[in-house]
Amino acid sequence: MSVETPRRIVLLRHAKADWPDVADHERPLAERGRADAPVAGRRLAETGIAFDLALCSTAARTRETWKLAVHELPSRPRTVYEDRLYDATLGDLLALVTETSDEVKDLLLIGHNPGMHALADALSARAEGDALGRLTASAFPTSAFAVIEIAGSWKTVEPDVGTLLEYWAPHD
């Protein structure tokens, strides 16, 4: 695959989590989250993107979101559970993206806020339709996702290089 091939990165925030008396990393999904995650998966399937790689935070709520969402996709991408996605800063997320092999055309990150929103905002220099306005106006709620197209190698990804193709949230 040429480094000039357009690539897409999809940023999916985990579904709504519960607040039991456990460590934050171990928080499970709430009932609403268990209902929203498959809806997000179906909506991801409707994008027509065939993900080559999914990087998922190791937190319980992200693993559970992915488990419920992936069953809605036409095929399961290679999945890597990545510790660095938990509590990741914008810099951490950019580093993960730039480490991605150029064999990967379409990348999915399943993570947390504020990182998912910060990365979507940082990468999106342009947008189709009203996607950027809706992204900016939202707080990137649970189960939301952004689809961003990037030209060139993953290694060259930096702020303001992408086009926000789509922004979706379950309760818009």
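**Threonine 65 and its surroundings**

Leaving aside residues up to four places away in sequence, threonine 65 touches Leu12, His14, Ala15, Leu29 and Ala37, where contact means heavy atoms within 4.5 Å. The model is a predicted one, in which local features need pLDDT of at least 70 and side-chain atom pairs count only at pLDDT 80 or more, while totals for chains, interfaces and linings use all residues. Residues are numbered from 1 along each chain as its sequence is written, and side-chain values use heavy atoms, with hydrogens and water left out. Threonine 65 sits in helix H2 (residues 60-70), helices being DSSP runs of H or I with at least four residues and strands runs of E with at least two, numbered from the N terminus. Its relative accessibility is 2%, so threonine 65 counts as buried (under 20% relative accessible area, with a 1.4 Å probe and protein chains only).

In helix H3 (residues 90-98), the buried residues are Leu93, Leu94, Leu96 and Val97. Seen down the axis of H3, these residues fall within an arc of 160°, so they line one face of the helix; the arc is taken from the directions from the helix axis to the C-beta atoms. Their cover includes strand E1 (7-13), strand E3 (78-82), strand E4 (106-111) and helix H4 (115-123).

Which residue forms an aromatic pair with phenylalanine 140? The partner is tyrosine 167, in a tilted arrangement with 5.6 Å centre to centre and 55° between the planes (ring centres of Phe, Tyr or Trp, the last by its six-membered ring, lie within 6.5 Å; planes under 30 degrees apart count as stacked, over 60 as edge-to-face and the rest as tilted). Both phenylalanine 140 and tyrosine 167 are buried.

Key
Buried < 20%, exposed > 50% of the residue type's maximum accessible area, 1.4 Å probe, protein only.
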